[in-house]
Amino acid sequence: MKSKIIFTLLVFASLPAFMFLSGCETVRQGEQITLPTETQIKISLLQKITKVSNNSVQLSEVSAIPFAIGEYPIDFVLHENDVFVAENNKGKIYQINIENKEVNDFSANLESRKNLSFPTSIRYFNDKFWVFDNEGLKTFDKEGRKLNLVKVFSSVTHFEISQNETIYANSLTNKSQSSRALIYKINKHGEITGSIGKKESKETDEEAYISLTENLIVSAFRNRPVIHIYDKGSEILVKELNISHPIFAELEKSVANLKEAYKKEGKIFLPRYFAGIKTFRDRLFILLSLPHLEIVELDLQGNELQRYYAKNAEMNLDYFGFDVRSVGEQRQFIVGTMTGINTPNLKLFSYSDKNKLGGT
Amino acid sequence: MAHKMLFVIVLLLANLALLSVVSFNYQKQQNLNKQQDLFVGDFTSKAPIADFLNGIKGENANRALTFGVISPSSKNCFIDSVVGHLKEREKLGEKILMFLPSSYTEQDLSNFKKNLNVDFELQPMNEALSSAWFEIFNEKKISGVVVSIKNGKVKID
């Protein structure tokens with residue numbers, strides 16, 4: 001009898017642990033809402049499309065160079081046959097030769113390994129690298145000798161440099177300021193000398209890619225399928241272009257439907273429309289942020305000329321840079337892509353139909 | 001009976017496991033809270049900062065003063081939030097100062113003022129004072145502080 005009482009007491013005393021170990025996990029799983037990822041939504045919408053634009057060109061993959069597995073590349077610059085990739089988390093710069101596919105840690109050459117702190121964007125101009133990082137704008141030469149550091153006090157996400165070394169930069173909005181400029185003009189001393197355009201929306205207009213021609217500044221919002229073209233001299237918006245895609249309208253609806261559900265989980269659902277932009281000769285190329293590679297070619301008046309696809313290539317979760325070059329009669333697209341979680345790949349795509357090359 | 005005893009032992013072990021998980025998380029939370037708490041005493045333990053605070057207290061005995069100190073490695077977003085906070089306090093009529101690391105060049109100071117649209121006074125710190133602040137920032141794993149002085153009392157915001 002005594003042992004039965006002790007047994008009953010022990011069972012009751014142990015009940016909380018039993019519930020915790022057996023029941024709680026199930027309850028937690030039951031409460032968890034599995035929200036679709038942006039890529040899943042895009043794939044599902046793409047599967048419904050049967051019609052492909054008549055003016056489309058199939059690209060072939062020339063090469064794929066996996067590198068820096070587990071790391072977080074954020075931008076790259078092409079210089080001759082080398083691509084220099086800025087890695088954000090570890091502050092590295094990888095030098096990748098696109099001919100022989102050799103990968104080197106260029107940042108190991110830098111005078112001090114502490115020289116880069118969370119870089120966000122990289123360019124090569126006037127025989128030097130220009131890198132924006134957490135500390136400001138850093139320049140260094142091909143040997144890795146640091147030439148200068150100027151503090152800008154602005155979190156630049158993407159930039160380009162004009163012939164007179166004026167920097168056109170998109171940066172995250174400073175909360176302490178009332179200005180919501182889309183592009184800042186920064187001189188080589190790090191001083192903001194002017195601003196161009198305005199971020200109309202706090203959410204969708206926060207980040208934009210920039211590309212320059214001799215007379216124009218072109219920007220592509222990351223989270224809105226719109227291109228702005230500004231005159232470099234007058235700094236006035238001369239054209240606003242809406243880039244269409246069969247899934248974009250449906251994507252908008254998904255945003256509206258899922259916004260609240262994401263918010264409840266403390267997340268923001270802000271789909272990406274563009275992943276890069278590049279003016280090349282008299283053409284403008286836009287890399288769409290889609291799981292399959294898709295590039296739109298426009299003339300500088302904003303007329304769409306054709307689209308390029310690489311439908312048989314691997315799916316892309318995200319992109320970290322985009323460039324265009326001509327090699328003989330071939331046009332090549334260089335794309336930084338994440339083909340899986342933390343699996344960066346530098347890929348080259350091309351087509352060789354010289355009648356369709358266009359541009360002068 | 002043997003089965004019943006085995007069942008009880010399993011449940012007892014489960015209880016012990018639960019207890020250790022709960023107590024580990026509680027300890028972790030306590031440590032986190034501890035790290036976030038900042039007291040004036042943390043800073044005045046360093047002689048250069050104690051002297052500096054006494055000096056600035058004396059100079060501003062009859063008015064409210066708020067000042068910010070940042071580390072040379074402060075991220076842009078942190079600097080932005082300190083500047084935003086100071087701008088808000090400036091609107092309340094307080095005297096505002098910002099002390100910048102001794103490693104900042106004249107150009108950096110000028111860019112700080114212009115690019116962040118700052119009207120309040122900026123003062124570069126000397127080497128010894130800079131080092132004293134940054135030692136504490138490193139110890140506390142923070143990027144800077146905002147300090148208020150009101151009626152002769154010093155408060156870390």
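Author: Chain A holds 3 helices and 25 strands. The model is predicted. Of the 360 residues in chain A, 53% are buried. Take the contacts in chain A between residues at least 6 apart in sequence: 48% of them link residues at least 24 apart.

Start with the helices of chain A. Helix 2 covers residues 38–47 and helix 3 covers residues 248–264. Their axes come within 11 Å and cross at roughly 140°. Helix 2 of chain A and helix 3 of chain A are therefore oblique to each other, because the roughly antiparallel class begins only over 145 degrees. The crossing of these two helices is right-handed. Helix 2 of chain A brings A:Ile41, A:Lys42 and A:Leu45 to the contact. Helix 3 of chain A answers with A:Glu250, A:Leu251, A:Ser254 and A:Leu258. By class, the residues of this contact are 4 nonpolar, 1 polar and 2 charged.

Now the strands of chain A. One residue pair to look at is A:Ala220 with A:Ile227: the latter, in strand 17 of chain A, is the bridge partner of the former.

A:Gly194 belongs to strand 14 (residues 192–198) of chain A. Its relative accessible area is 22%, so A:Gly194 counts as partly exposed; buried would mean under 20%. Leaving aside residues up to four places away in sequence, A:Gly194 touches A:Ile183, A:Tyr184 and A:Lys185. A:Glu235 is 41 residues from A:Gly194 along the chain, and their C-alpha atoms are separated by 9.9 Å.

The other residue is A:Asn342. A:Asn342 is not a glycine, yet its phi is positive, at about 55°. Look for A:Asn342 in the loop between strand 24 (330–338) and strand 25 (344–351) of chain A. Its relative accessibility of 37% makes A:Asn342 partly exposed.

Turn to chain B. Chain B has 6 helices and 5 strands. Along the sequence, chain B reads α-α-α-β-α-β-α-β-α-β-β. Of its 157 residues, 39% are buried. In chain B, 71% of the contacts with a separation of 6 or more come from residues 24 or more positions apart.

Two helices of chain B cross. Helix 3 runs over residues 47–59 and helix 6 over residues 127–140, and their axes come within 8 Å at a crossing of roughly 110°. Helix 3 of chain B and helix 6 of chain B are therefore roughly perpendicular to each other, because that class takes in 65 to 115 degrees. The crossing is left-handed. B:Pro48, B:Ile49 and B:Phe52 make the contact from helix 3 of chain B, and B:Ala128, B:Leu129, B:Ala132, B:Trp133 and B:Ile136 make it from helix 6 of chain B. The class count for this contact is 8 nonpolar, no polar and no charged residues.

Chain B also has a hairpin. Strand 4 (residues 144–150) of chain B runs antiparallel to strand 5 of chain B, and 4 bridges join them. B:Lys150 stands opposite B:Lys153, which lies in strand 5 of chain B. There are 2 residues between the strands, and in this hairpin B:Asn151 takes a positive phi near 50°.

Strand 5 of chain B shows two faces. In a regular strand, side chains alternate between the two faces of the sheet. Strand 5 (residues 153–156) of chain B does this: B:Val154 and B:Ile156 point to one face and are buried.

B:Asn117 lies between helix 5 (106–115) and strand 3 (121–124) of chain B, in the loop. B:Asn117 is not a glycine, but its phi is positive, at about 55°. With a relative accessible area of 46%, B:Asn117 is partly exposed.

Terms used
Residues are numbered from 1 along each chain as its sequence is written. Chains are lettered from A and ligands numbered from 1 in the order in which they are written. This is a predicted model: local features need pLDDT of at least 70, side-chain atom pairs count only at pLDDT 80 or more; totals for chains, interfaces and linings use all residues. Side-chain values use heavy atoms; hydrogens and water are left out. Axes are lines fitted to C-alpha atoms, for helices over the stretch in contact, and angles run from 0 to 180 degrees between N-to-C directions. Angles under 35 degrees count as roughly parallel, over 145 as roughly antiparallel, 65 to 115 as roughly perpendicular and the rest as oblique. A crossing is left-handed if the near helix is turned anticlockwise from the far one by less than a right angle, and right-handed if clockwise. Contact means heavy atoms within 4.5 Å. Ala, Val, Leu, Ile, Met, Phe, Trp, Tyr, Cys and Pro count as nonpolar, Asp, Glu, Lys and Arg as charged, and the others, Gly among them, as polar. Two strands pair if DSSP finds at least two bridges between them. Buried means under 20% relative accessible area, exposed over 50%, partly exposed in between (1.4 Å probe, protein chains only).
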